[in-house]
Amino acid sequence: MVLELHVWGPAFSLPSIDPHCLAAIAYLQQAVPRGEWELVATSDPALSPTNELPALRNGDIWIGGFRNIFHYLAQYSSGEWVLDAGLPEQEGADCIAFSSFVESNGQPLIDLSLYVSSHNYSVVTRPLYNTIQSFPLPYLTPPSIRTTAKQRTEQLGLSSLDIDTEEGDNSLEKSIIPESLRRPRNTVSSLLAASPETNAQIRLDALATDFFEPLQRIKGGKQYLVSNSHFSSLDCLALGYLSLMLIPELPQPWLAKTMRQKFPDLCTWTEELGANIFGGPVDVGDAFLSQVEGGTESSKSKSKSPLPWKAPYNGGVIGVGKVFLSSMADSIPIVGQLRRNTRMRQHGGKTTGDEMEASSWQALTTVGSIVAGLGLAAGYMFHQGLISLPSGEEPEKTRNSTGLDAFGDAGAALSIYANSMDVEAQRQRAI
């Protein structure tokens with residue numbers, strides 16, 4: 001059985017837009033022999049038992065989350081596919097400690113850079129989801145991820161980054177304050193392009209430095225972070241986060257700027273290691289390689305990337321409707337929690353009661369998916385102009401028609417049947 005690693009799709013010339021997905025790709029690329037696994041840019045976290053990506057599939061078994069994946073690989077391979085197995089005790093302890101540090105301190109920086117910053121989010125991040133997800137999911141997924149990112153970074157006191165544009169020119173109300181005395185409203189551009197003494201710039205620079213400095217210190221002159229010869233799970237995790245901090249070209253590149261100016265050695269390490277493991281720039285065409293003429297896989301596309309890409313399954317209108325309905329259901333507090341509990345029970349084993357409940361949920365989801373899929377298809381056809389509502393300019397006969405006659409031949413037939421029923425009813429009353 002070939003393992004499948006499901007991830008968020010490519011972005012910024014990287015194999016994924018998510019740091020944990022990048023880490024999982026790096027881990028399997030280094031630990032699992034080629035031919036034993038495939039990479040699927042499904043961009044659908046509903047597949048995972050923990051409702052997250054990356055997710056590893058082995059037949060009917062789904063493992064969600066980077067840490068759970070490499071622990072499962074250790075069990076599945078009887079300890080053969082373990083990157084940290086050869087580390088000495090001290091280096092192993094450093095690997096665990098710094099892995100926690102990278103996740104807890106790196107995620108807020110990714111959140112601020114790609115999602116909380118309104119300029120970066122609206123110009124770069126949000127449009128990327130149009131390339132890796134089917135309509136209408138790009139209208140649901142990015143706002144949901146951004147809301148979560150805001151919640152994670154709320155305690156940092158940098159909500160000023162969430163400013164879209166100046167509203168002074170668009171305001172319909174006239175201010176009573178003379179223009180010469182008005183204080184201009186801060187925007188992302190003004191906060192980040194102002195002098196280095198501004199509070200926002202100082203805070204952002206300090207947060208970035210506090211993250212990069214310990215990593216630079218532990219690496220020193222070694223080839224990898226905790227070892228000079230042994231690639232570890234920490235290197236995978238750090239590569240995922242550092243790549244998304246350094247590589248993206250953003251309107252407000254404060255994070256990459258700090259990294260390049262203060263930690264050039266860390267930049268070089270990230271770029272060289274990423275090129276070695278990911279095999280150079282990756283685009284959407286690499287991930288969706290089977291979507292070419294005739295629907296067959298291109299051998300040229302296959303050989304172009306060292307990553308074992310497999311085109312994601314296209315479920316058509318019903319498939320998109322199912323994912324859409326699943327996303328909507330997961331966003332409802334009580335229903336979403338019940339669905340997550342069901343997924344976890346399916347992952348851990350089923351009882352008879354669980355199977356009946358899961359079957360009910362599956363039937364409900366299937367019916368809802370069909371309805372949602374038909375609705376989406378109708379909406380798409382209206383949007384493309386393939387079908388349209390009747391216009392107001394109709395012939396006089398049509399405008400003056402009433403009752404069932406307005407429905408054409410079918411209405412006329414029903415009208416004749418109704419008239420015959422009325423005649424029969426009158427005859428019965430007369431008797």
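Axes here are lines fitted to C-alpha atoms, for helices over the stretch in contact, and angles run from 0 to 180 degrees between N-to-C directions. The model is predicted: local features need pLDDT of at least 70, side-chain atom pairs count only at pLDDT 80 or more, and totals for chains, interfaces and linings use all residues. Residues are numbered from 1 along each chain as its sequence is written, and side-chain values use heavy atoms, without hydrogens and water.

Select residues 89-116, helix H3, and residues 118-132, helix H4. Helices (H or I, at least four residues) and strands (E, at least two) are DSSP runs, numbered from the N terminus. The axes of H3 and H4 are 7 Å apart, at an angle of about 80°, which makes H3 roughly perpendicular (65 to 115 degrees) to H4.

Next, show Ser113, Leu114, Tyr115 and Val116 of H3; they meet Ser118, Asn120, Tyr121, Thr125 and Tyr129 of H4. Contact means heavy atoms within 4.5 Å.

Stay in H3 and pick Asp111.

Now move to the open sheet, where 5 strands run in the order S4-S3-S1-S2-S5 with mixed pairing. Two strands pair if DSSP finds at least two bridges between them. Select residues 3-6 (S1) and 55-58 (S3), an antiparallel pair with 3 bridges. His6 has Ala55 of S3 as its bridge partner.

Key: Parallel < 35°, antiparallel > 145°, perpendicular 65-115°, else oblique.
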